[in-house]
Amino acid sequence: MTAPDTAPVSLDEEWVAWPAELARRFGDEGYWREETLGDLLRESARRFGAATALVAATERISYAELDRAVDDLAAGIATLGIGPGDRVIVHLPNRIEFVTVLFALLRLGAVGVLALPAHRRVEIEHFARLSAAVAYAIPDQHEGFDHRTLARELVDVVPSLRHVLVAGVPGPFTALDALSTRGAASRAAEGSSDNPASRAPSSAAAGSVPAGSELAGTATAGAPDPAGVAVLLISGGTTGKPKLIPRTHRDYAYNARASAQLCGLTAEDVYLVSLPAAHNFPLACPGILGIFGVGGTVVMATSPSPDVAFGLIAGERVTVTALVPPLVRLWVQAAEWEQPDISSLRLVQVGGAKLDADLARRVTPALGGRLQQVFGMAEGLLNYTRPDDPEELILTTQGRPLSPADEVRVVDRSGADVEPGEVGELWTRGPYTIRGYYRAAAYNAAAFTPDGFYRTGDLVRQLPTGHLVVVGRVKDVINRGGENISADELAEHLLTHPAIAQAAVVGMPDEDVGESVCAAVVLTPGATVTLKMIKIYLHERGLARFMWPDRLAVVEAFPLTAVGKIDKRDLRRQLGG
């Protein structure tokens, strides 16, 4: 029998759909519409044709131009025999090709597996095998890394992988611009069409569509099914291999549309993609999809550093962006020092990890835009603070559920609901929360309840207003001699110390108590601190003795995951655990 992670499989057989009665309900109540994400861009091109849709580096493209470019590229990709249900790994940074490739696949009914720029051989090979990907879309080079070298390694070991599509100099592979009539014509005019690797493929390929034809979802195979999988997102966990998250056209369109409405997006808004575009947060919360739905402008940042971002905010009059807490701290510090022109910002979203209250209080004074805390997951549930929330809720909570149809439970270890206001694990289900990971039946049995609730692994308490306060992770609780210590709670206390700029707490193996508590910290410039000083400080704050760290590690910087979260697994390894 072929190994499960290498077998070519039908997408329809490998993901968990919503029960039929729920699907009808979500449709009847207006959460789901019979539309695809490819339709979203086409409708915006009809409504906002001449308006600027996308700014990336030196390129500016209108909605009408972007719609035509997507059709053109979709026609070229179709000549390779790539069509409905085929999986294509999209491993592109924040540049125009990320958008055109993604929407071209959506038009064809093919499914993009959205890898993050920081992913490398181990992760990409895992995604390719698990999804049985037929193609891999990459830049030629990005931040000093040659993706073509990685692609050569992958095509030798992943049997399903037949095509490599390159933005830039293709090497032995296929140039993305050679798959469009405009790109091919440009290359021919420059005399470069003699390079076999950059020639447009023959339109005689099976399942092909003539280049330049209008595609409303692959004329030869019918339009994509709105109920079908649109993209496979990557789970953001820091332990084990990442999972693939199947998001359908209907649920993901609702995800973006409802988020855009809550955030008050209009055609006048300019959204800066500071985080990797393939991440759920800048893609659909409301992100790129939300902005496209209202006719606003997307600006792609090649780097989230203040040096790059502040210039784009000033030059493009950016109004909205999304950040993770480490970036917020960097931006706030830079803004307080440099006093840049970022006066156009009206909304600064922060999510991906808990934002400590002290830093939250500095966001609006430093960056100008109103803070919005966002607590969500690529698997679905999104929580937002609202623009009209009282200031204290914005500063100290992680928001409340986006949708009236979101169901939220806070439960104890036995799965029983805790008393109101008590800490427990967050379980959820709703019109945009998945019912299972892709090709992960055994894992799904533990991650989802029999009645469809997703066990998030997040420890929260819910306020009477419905707002959630994130306390930590179920698996981020350190059991020291029978006492349970929340790593995130202790880290929050450490962050209030004036000598500490960043903090993370991890459990380390200990023969006597099972796990000891290690506090790792990055110090503010010129500061010093000792373990004894930390214990005295925590004692003065009134923190229980069992919460105090056993060990202090001062580090220059924390290892980060692909989405900018502290990678505790790598940190623990670096500290000898």
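Tutor: Let's start at E143, which is exposed, with a relative accessible area of 69%. On that scale, exposed means over 50% relative accessible area, buried means under 20%, and partly exposed is in between (1.4 Å probe, protein chains only). Before going on, bear in mind that this is a predicted model, where local features need pLDDT of at least 70 and side-chain atom pairs count only at pLDDT 80 or more, while totals for chains, interfaces and linings use all residues. Residues are numbered from 1 along each chain as its sequence is written, and side-chain values use heavy atoms, with hydrogens and water left out.

Back to E143. You'll find E143 in the loop between β6 (141-142) and β7 (145-146). Helix and strand labels come from DSSP runs (H or I, at least four residues, for helices; E, at least two, for strands), numbered from the N terminus. The backbone is what makes E143 worth a look: its phi is positive, about 50 degrees, although E143 is not a glycine.

R439 belongs to the loop between β20 and α15 (441-447). At 17% relative accessibility, though, R439 counts as buried, whereas E143 is exposed.

β20 (residues 424-429) runs antiparallel to β21 (residues 454-462), and four bridges join them. Strands count as paired if DSSP finds at least two bridges between them. To locate the pairing on screen, find G424, which stands opposite V460 in β21. Zoom out and you see an open sheet of four strands, ordered β19-β20-β21-β22, with antiparallel pairing. β19 (407-411) and β22 (468-473) are at the edges with a single partner strand each, so one side of each has no neighbour in the sheet. On average, neighbouring strands here are turned by 45 degrees against each other, direction ignored; the axes are lines fitted to C-alpha atoms, for helices over the stretch in contact, and angles run from 0 to 180 degrees between N-to-C directions.

L468, in the range of β22, leads us to N383, since L468 is one of the residues N383 touches. Contact means heavy atoms within 4.5 Å. Leaving out residues up to four places away in sequence, the contacts of N383 also include Q373, V374, F375, Q398, G399, R400 and P401. N383 is in strand β17 (residues 382-384), and at 0% relative accessibility it counts as buried.

For another antiparallel pair, go to β25 (residues 500-510). Eight of its 11 residues are buried, so to speak a mostly covered strand. β25 pairs with β26 (residues 514-523) in the antiparallel sense over 10 bridges, and a hairpin of three residues joins β25 to β26.

Now the prolines. P276 lies in the loop between β12 (270-273) and α9 (280-284). Its C-alpha is separated by 6.6 Å from that of L116, although P276 and L116 are 160 residues apart along the chain. Setting aside neighbours within four places in sequence, P276 is in contact with N94, L116, P117, P282 and A562. Past α9, P286 lies in the loop between α9 and α10. A cis peptide bond joins C285 to P286, with omega about -5 degrees.

The axes of α10 (residues 287-294) and α2 (residues 37-48) come within 8 Å and cross at roughly 35 degrees. In this contact, L37, L40, L41, S44, R47 and F48 of α2 meet L289, F292, G293 and V294 of α10. By class, that gives seven nonpolar, two polar and one charged residues (nonpolar: Ala, Val, Leu, Ile, Met, Phe, Trp, Tyr, Cys and Pro; charged: Asp, Glu, Lys and Arg; polar: the others, Gly among them).

To finish, the whole chain. It has 18 helices and 27 strands, and buried residues make up 57% of its 577 residues. Of the contacts between residues at least 6 apart in sequence, 67% join residues at least 24 apart.
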